[in-house]
Amino acid sequence: LFSREKKIFRNYVKKYIDIVNPKIIITGNDNLSWFYELKNYFPQIKFIVVQNGFRNHLFFKSINKKKSLKADFIFTFSKSLSKFYKKKIKSNVIPIGSLRNNFYPKKKVKKRKSVLFVSSGYPQLHENIIEFHGKIQVNTQKYFYNDIKLFKLVYKFCRKNNLNLELVTKKINDSNEYSFYKKLINSDKFIFHNRNKGRNEIYRISDEVIVTVTTSSTFGFENLARGNKTAIFNNKGQCTKGVMNMFW
């Protein structure tokens with residue numbers, strides 16, 4: 001308030017760091033591009049960044065290399081993605097996979113005859129447009145069209161092959177997500193897992209089913225890393241002009 005700096009979050013963070021004077025700063029917001037500028041103001045502090053989700057080509061294009069971006073360590077999902085961080089940010093870049101995934105060792109359990117569908121969300125009435133980096137805009141109905149089609153097909157597949165269908169939500173504490181998928185198949189004959197029981201329940205559940213189906217969820221990659229059978233339907237690349245092409 002008294003610094004005469006612009007009232008923006010970035011300046012608040014700088015002032016907070018200045019007052020607290022920590023030895024190490026860690027963030028899971030690897031996509032917060034201005035975070036990499038902070039090292040220039042506090043060279044004595046160690047800055048550690050952990051990748052926490054899927055990053056598309058637009059994200060890396062949006063990073064301005066001219067701004068002298070730095071970090072001490074960036075921990076990434078893979079060697080291939082590490083190359084993109086290295087091109088734009090001066091840092092030690094180390095691939096470790098998904099940090100959250102690494103916290104939950106795979107347990108040997110008897111698989112139940114179920115297919116797990118990982119929801120990428122659903123078209124909400126108050127949200128007509130989904131925007132990516134302020135450049136690409138997609139109609140919500142169009143964005144989820146292939147997910148809706150896929151869920152219906154997976155349901156038919158399960159019925160035909162005498163398998164249970166399980167679904168884990170994207171949202172936390174959103175009962176409408178269950179209602180939406182229930183209406184799609186006009187049935188409640190699927191096992192519903194709400195993430196309000198814990199974001200990390202999905203790791204346990206995926207270890208217990210025979211196959212997991214995903215579309216644009218980072219969890220598809222995490223489940224592969226766990227050695228679990230995984231089907232990734234990369235179905236949002238076209239409608240987002242390649243932004244949500246999971247294998248770009």
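Guide: A residue counts as buried when its relative accessible area is under 20%, and as exposed when that area is over 50%. The model shown here is predicted. In it, R55 has a relative accessibility of 9%, and therefore counts as buried. R55 is found in the loop that runs between β2 (46-50) and α3. Neighbours within four places in sequence being left aside, the contacts of R55 are D30, N31, F60, L81, Y85 and W248.

The pocket may be taken next. The largest pocket has a volume of about 1300 Å³, and 42 residues line it. Of these, N52, G53, F54, K170 and T218 lie nearest the centre of the pocket. Two or more lining residues come from each of α3 (57-62), α5 (99-102), β6, α6, α8 (201-208) and α9 (219-225). The largest share belongs to β6, which supplies 3 residues. By class, the lining comprises 16 nonpolar, 17 polar and 9 charged residues.

Helix α8 contains S206. With a relative accessible area of 1%, S206 is buried, because the limit for that class is 20%. Apart from neighbours within four places in sequence, S206 touches K111, L116, T212, F219, N223, R226 and N228. Between the C-alpha atoms of S206 and N102 the separation is 14 Å, and the two residues are 104 residues apart along the chain.

The nonpolar cores come next. The largest nonpolar core has 31 residues, and those touching the most other members are F117, F132, Y143, F151, V154, L165 and Y181. Two or more residues of this core are given by each of β5 (112-118), β6 (129-132), β7 (136-139), α6 (140-160), β8 (164-168), α7 (175-185) and β10 (209-214). The greatest contribution is that of α6, at 8 residues. A second, separate core holds 22 residues, among them I25, F42, F47 and A71. Returning to F117, its contacts beyond four places in sequence are D147, L150, F151, V154, L165, E166, L167, V168, Y181 and V213.

N186 occupies the loop between α7 and β9 (191-193), and its relative accessibility of 72% makes it exposed. The phi angle of N186 is near 55°, a positive value in a residue other than glycine. K241 belongs to the segment after β11 (230-232); at 68% relative accessibility, K241 is likewise exposed. For K241 too, phi is near 55°, again positive in a residue other than glycine.

Some totals for the protein chain complete the setting. The chain forms 9 helices and 11 strands, and its C-alpha atoms fill a box of roughly 65 × 40 × 35 Å along the principal axes. Of its 248 residues, 46% are buried. Among contacts between residues at least 6 apart in sequence, 59% join residues at least 24 apart. The chain exposes about 14900 Å², of which carbon and sulfur atoms supply 53%.

Technical notes. Residues numbered from 1 in each chain as written. Predicted model: local features only at pLDDT ≥ 70, side-chain atom pairs only at ≥ 80, totals over all residues. Heavy atoms only, no water. Core = buried A, V, L, I, M, F, W, Y, C linked by side-chain atoms within 4.5 Å. Buried < 20%, exposed > 50% of the residue type's maximum accessible area, 1.4 Å probe, protein only. Helix = DSSP H or I, 4+ residues; strand = E, 2+ residues; numbered from the N terminus. Contact = heavy atoms within 4.5 Å. 1 Å grid on protein atoms, 1.4 Å probe; cavity = no way out; pocket = protein on both sides within 12 Å on 5 of 7 lines; lining within 4 Å. Points joined across faces, edges and corners; volume = space filled by probe spheres on them. Nonpolar A, V, L, I, M, F, W, Y, C, P; charged D, E, K, R; others polar. Areas by Shrake-Rupley, 256 points an atom, 1.4 Å probe, with all protein chains shown as cover.
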